[in-house]
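Please find below a short note on the structure, arranged as numbered points. Each point takes up one part of the chain.

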Amino acid sequence: MTRRWALMVASCVLATVASLMVIAVATYEGRAARDRARGPIVTEPQDAIAWWSSRFDSVGHFQHSVVLVEPLGTSAPPPPGLTRWPAPGEAMLSPELLSRGAAEGIRTRYGRFGGLIGREGLVAPSERLAYVRPPAPPNTDSWLPISGFGRPFPLVETLNQRDLPEVLLALGALTLLPALALMATASRTGNRKRGALKEAPPLAIGSAAGSLPLILTASTDLPIPATGYILNSTDIRAAWPLACATLLTSFATGLALVTLLQTKRDRAAQNDRDIGKDHEAQSDRKARGEQDSEKKRNAGRDREAEEVSAARPRPVPRWRLVACALAVATIALSQYVPSTGGLITFAVGTIGMWLLLPSLTTALIDGQRLAAHPKPLARLSTALIILLGTVTLLQIWEGHLGETARAALATERRIGDTLLVVRTAEHPNLEAFSRALPASSALAVLLTSENGEHATLIGPCGTLRTLKLPCTTTPAPVNPEDSRLQELQVWYGLRTLTSQVGRGRTEQTRNLLVVVSDTRGQYPQVARAAYATLPVLETTIPGSGWIDAATPRTRLGTWLTLFGLAGVLILLLTTWLSTPRWHLTIPLLTMTALVIATTTWHALFFIAVTKDGALPWHLPAATTAACTLLALTAGLPRKP
């Protein structure tokens, strides 16, 4: 690749990374503005225009907010994104919620479908949100009186987001640093021209091409692959001053880096020429001398041999290899250190291994073909191991469900939704709820004690017999045999459980309604019945809230994968630009095997230490494919 093309590609990559950072900043600013605009302004009841309350619900274990509203007059302005208030028993849904929840009956879960929430009422086009108005005026004891909208009030989408500095740090570490390394490598390729003006055109063309992400995201709401997130194009268009300034900064950074490195290399070349002239002058004086003995000729040959030897890479000090081996052993032994000590031991071993990796990779990659140039590949393989290792470990860590969430998944596999718990506010209408339930479902009331350790399950005799409980008119202690009751007892921390035939006392504030069925798939109908007839707070499978809370971390792992793969591709492109005209297929394949083996081994030991998580195989697989393609391409004939 010529120098012109190398500079063009490197500046394009640098500008692309800069564009991504602009997109991140603009998106966060837009999200914050819309979140503030729709937040309720709490006031005194006599000054209120509406009552407002929020709930959590989920579709596919991804939580979303359900906002309950009750306007106090027809002239009150509705929330942003709505052209009118929902009618009694009506729900307005965001497009993403309507689409993703179709299989779970989300269209009618909260009542009649009244329309879609507009873009200005969503922090992102991909947000899942519902505005719901109860079918009858609610008991507003737990509701907020509001005078309008315009103050921050975080809903699920905002609660689950990471702070902007964290996003910029990840982008900078995983993509910006490799992009700067690529620019530095491109500045060393081809025949260097004098003067910054001659380097400016290819850099300017590359910077202009790097603005393509900004152009695409400003023209339409663009979904980001694999993440489920959709960017709001309005945010990007509003950030055009920041975009222009950032692209100019990217161009100036590339030009400054190229000029600085070229000046440094020119000085080094001038020094070499000066030294060469001195050597030539000395040789002329010696040649003109009258004494040119065999001893001086031998000394010259010895000096030449020393120079050739000095050009070869020095052997790696043995202590570095021993220290690297000790660091690897520390990682291997960390799984036997209990609790936090294991993580600390693993971290110490990891830092030591990464610090000493250049020595080890130099020793492994060095060979006859690379006798004069082992260090570039050693540095590259080290960078790949650290980058890929960091992303893999972060993804494993963020993918931790935790012991409680894993137990909740096991509960869901065992009983599914054959037992659901409906938590309500005061005075639930049990008769109306029971009539609205599917024919295959039965209802009971779980009346818990004040300390929450004891409970009585109250219901019709048929319901109790379904759960293998005795039909007695007085509370009878039971030792649950039905797996559904066993899970209920575990998740609600009940030390003792009794049962009796009867009806629950609906005036109790600690009522939990239990809906049981012998077949799975009842959740959509039960949730619909609850929202239609009860002041419902939530409808859940026992323990499922832990899964819902852990699920957003899996999305973060997807983001890390995207950033990490981008960084890996930039590093591989750096390798392509930095390779001289000698055969690299075997060394690159060796490097690939070393990178993948080290990363996989390291990640598996991390899983052993934390006793949770799973190796994201798609990440090393994609890296292997890219590295192998680069290795095979490097073996093709290249122009001198």
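1. Strand S4, which covers residues 90-93, includes Leu 93. The model is a predicted one, and the remarks that follow should be read accordingly. Leu 93 has a relative accessible area of 0%; because buried means under 20%, this residue counts as buried.

2. What does Leu 93 contact, once its neighbours within four places in sequence are left aside? The partners are Leu 98, Ile 106, Arg 107, Tyr 110, Phe 113, Gly 115, Leu 116, Ile 117, Leu 129 and Ala 130.

3. Helix H7 spans residues 212-219 and contains Leu 212. The relative accessibility of Leu 212 is 45%.

4. Helix H17 runs over residues 483-491. Which of its residues are buried? They are Arg 484, Leu 485, Glu 487, Leu 488 and Gln 489.

5. At its start, the backbone nitrogen of Arg 484 has a side-chain oxygen of Asp 482 within 2.8 Å. Arg 484 is also one of the buried residues of the helix. Following H17 comes Gly 493, with a positive phi near 60°.

Definitions and conventions:
Residues are numbered from 1 along each chain as its sequence is written. This is a predicted model: local features need pLDDT of at least 70, side-chain atom pairs count only at pLDDT 80 or more; totals for chains, interfaces and linings use all residues. Side-chain values use heavy atoms; hydrogens and water are left out. Helices (H or I, at least four residues) and strands (E, at least two) are DSSP runs, numbered from the N terminus. Buried means under 20% relative accessible area, exposed over 50%, partly exposed in between (1.4 Å probe, protein chains only). A polar contact is a pair of N or O atoms within 3.5 Å; within protein, one must be able to donate a hydrogen and the other to accept it, and residues adjacent in sequence count only if both atoms are side-chain atoms. Contact means heavy atoms within 4.5 Å.
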